[in-house]
Amino acid sequence: MKAAEKIEIDRRYCKGCMLCRYICPFDVFEPGEQRSDLDYLMPRPARIDNCKVCGLCESNCPDMVLTVVAKEKGKEKE
Amino acid sequence: MNPLAEKYLRKEFLPFLFCPGCGDGMIVQAFLKAVDDLGCIDDLAMTAGIGCSAWIGVYMNVDILKILHGRAIPAAIGLKATRPSRKVVTFTGDGDCLAIGGNHLLHAARRNIDITVVMVNNQIYAMTGGQVAPSTMLGSKTQTTPYGNIEKQLDGCRVAIAAGATMVSRWSTAHLKPLIKAFKTAINHKGFSYLEIISQCPVQTGRYLLGSGSPEFNLQWIKEHCVKEEDPSQWEEIEAQGKIPVGDFLRTERPEFMEEVQRMNRRVKEEQARGGDR
Amino acid sequence: MKKGRIKVMMGNEACGEAALLAGCRFYGGYPITPATEILEFMSRRLPLVDGLCLQMEDEIAALVAVVGASWGGTKAMTATSGPGFCLMQEAIGMAVAVEAPCVIINVMRGGPASGQSTSTAQGDFYQARYGSNGDYSLIVLCPSTAQEMFDHTIKAFNLSERFRIPVIILSDEVVGHIREKVFLPDADQLTLVERKAPTVPREEFIPFQPDTDGVPFMPAFNTGYKCPVISQAKSQSGNRGNAREAAENIRRIVSKIEDHMDEFAEVQVYGDEKAETAFVTFGSVCRAARSAVDMGRENGLALRSVEVKTVWPFPDDLVRRALAGAGRVVVAEMNLGMMQREIERVVRRPEIRIELFSKIGGLYPQPQEFLRFLEE
């Protein structure tokens, strides 16, 4: 079963549209408190343990700023 | 930026000029995914006109000619004609393609010239602030129809089919998987391919026509209003419910324009060599 | 003595012959009297040299396809008349903005609007220079004979490649349709100019950074340069520019031409260079003016005709020199006074009135009318 090592959001170009939260089937994201360099409130992957690395957030992001890094095979339970 | 972005974007032009949550950015990524799968980035030559969607190709590492409103298709023809091995792709919008550019769509489809026209349909003139477009729903109160739009919508897919296109599809930003597949089919299709994408415009269509400027609301609206239906005889019923048919509508083959030109040139030169009339 | 052959042909055909010799391999066009012969000629001849002639759906598509072909790496041309020239104006500005070499022929006819399709006129003199929006410059050549239709077309292609601009050949119905002897040089007798390809690899290439002559290097599409070419006001990187960058780029695309006029500006003087009375003419009117000069000489009247061959950028210095010592200046043109304004601007001697011999309505000025005008 896949799990996420980390979810990176490029703060240089995130526009806070929250479509990652909308599209995520596993309720990983919620609105955060940090602002991006473009001054938008960024999402926060609050429940990264829920992430199954389905890739929907990464492929739907309208600014291509989101990257899901999967845990290496064998380390998913860490 | 994500790995696909690192690989293919023109980074010195970032950020995308698109509004937060705009479908155009999603289309950039979907297209690059298709291009990555095909490995064809070096063969691409792109053209574009004016409007939000015209900027889609500018952010990619490709040769792109972005010129006048409505005139991307003749520029694409000029590029294709001078080297038919190019894969020519044009990103256009509902205004750029169906209003000012309508004439050029007709004739490119009629010629069945091997280019791909991707019409990003957000049902409004977004770049200029939200005026009515040929694709805007009846009754809509836009910046230029403050009392309600009284004009019937023009359906680009029906127009393309009638004009002679040999590949016609419509998907949306809520259908990225079939959209990526359609991109690949269109790029490889030998003939004129017309690919329409229903795309959210939270700032204009969303705020003025649908009641909310939230990107999530607007993408959800698209998901709910697009119905997969590939049988044209069922379209009217779907449209009567206020919904939009999506799917791969047409894929056929007939003589492609540049191949016919080359065949003709060969024949003419042979006849001349044999001493025939000029 | 150049090697070649002499053929009798129509001015429009001579233009086509020259285009092919210059290396034009794409023609986008639309039928319009009195330029249609050029489109028809190219449709017959381009397939024989592996070129493509496309009759497009309108004149706008014709010129835009030409610009696409130019960025595709091919020399390309279109031809039209007044109404089609109007339609092309936006695209002319665009060709300037994206620095695409191309050649546009306007075989002028009676205007305004549909005007007189089969009659001659010279009413597009200013439109050729100022028809598009914003600040820009380009080169406009005016042939007066079928031979000049040939020569100017070769020159137009060379100048378009040299400066990366649309070059306009401003002809008229008389010159387009007249049939006369044209000397066609053999291909190896011609000097042809090609646009400069980039000399650095892609990583170092800045699309709109000029060479020392103000003209950037031009890669063809799909040669690895991934060039962003937009028609918005731009910076050197090709992206939309800020105010300073936009202004800089606009100044450069004007000065790249206007600082180098010595390379192409041409004014000829026919008749007595020191004659008191000078006609100033362009295009087909040069022919009648020459006959008037000859008639005048037979009657003991010294006349000169100043023929402006490159009307834009207007060759102020050459015209001033050609009119030096003239006490009477008559601009003869088939419009209500357009080049007249340029001559007024250029000849700033208050003692001379710049007179206008104007002929409109599709009527061509006869040589004896020039002399009658002088008497009145």
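I count two residues as being in contact if their C-beta atoms, placed from the backbone, lie within 7 Å. I keep in mind throughout that this is a predicted model.

**Entry 1: chain B against chain A**

With that cut-off I looked up the contact between these two chains, and I found that it takes 19 residues from chain B and 19 residues from chain A. On the side of chain B that touches chain A, helix 1 (3-8), helix 2 (23-38) and helix 9 (215-225) of chain B each supply at least two residues. I then sorted that side of chain B by class, which gave 14 nonpolar residues, four polar ones and one charged one.

**Entry 2: chain B against chain C**

Next I turned to chain C, where 38 residues are in contact with 36 residues of chain B. The elements of chain B that each supply at least two residues to this side are strand 1 (44-48), strand 2 (63-66), helix 3 (72-82), helix 5 (102-111) and helix 11 (257-273). Which element gives the largest share of the side of chain B that touches chain C? I noted helix 3 of chain B, from which eight residues come. By class, I listed 17 nonpolar, nine polar and ten charged residues on the side of chain B that touches chain C.

I also followed a strand pairing that runs between these chains: strand 2 of chain B pairs in the parallel sense with strand 9 (residues 228-230) of chain C, over three bridges. Within that strand 9 of chain C, P228(C) is the bridge partner of I64(B).

**Entry 3: a sheet in chain C**

I then traced an open sheet of five strands in chain C, with mixed pairing and the order 10-12-11-14-15. Strand 10 (267-271) and strand 15 (354-358) of chain C each have a single partner strand and stand at the edges, so one side of each is left without a neighbour in the sheet. Direction ignored, neighbouring strands of this sheet are turned by 25° against each other on average.

Helix 9 (residues 285-298) of chain C touches strand 10, strand 11 (277-281), strand 12 and strand 14 (328-333) of chain C, and its direction makes about 165° with that of strand 12 of chain C. Helix 11 (residues 339-346) of chain C also packs on the sheet, touching strand 11, strand 14 and strand 15 of chain C, with its direction at about 155° to that of strand 14 of chain C.

Key
Residues are numbered from 1 along each chain as its sequence is written. Chains are lettered from A and ligands numbered from 1 in the order in which they are written. This is a predicted model: local features need pLDDT of at least 70, side-chain atom pairs count only at pLDDT 80 or more; totals for chains, interfaces and linings use all residues. Two strands pair if DSSP finds at least two bridges between them. Helices (H or I, at least four residues) and strands (E, at least two) are DSSP runs, numbered from the N terminus. Axes are lines fitted to C-alpha atoms, for helices over the stretch in contact, and angles run from 0 to 180 degrees between N-to-C directions. Ala, Val, Leu, Ile, Met, Phe, Trp, Tyr, Cys and Pro count as nonpolar, Asp, Glu, Lys and Arg as charged, and the others, Gly among them, as polar.
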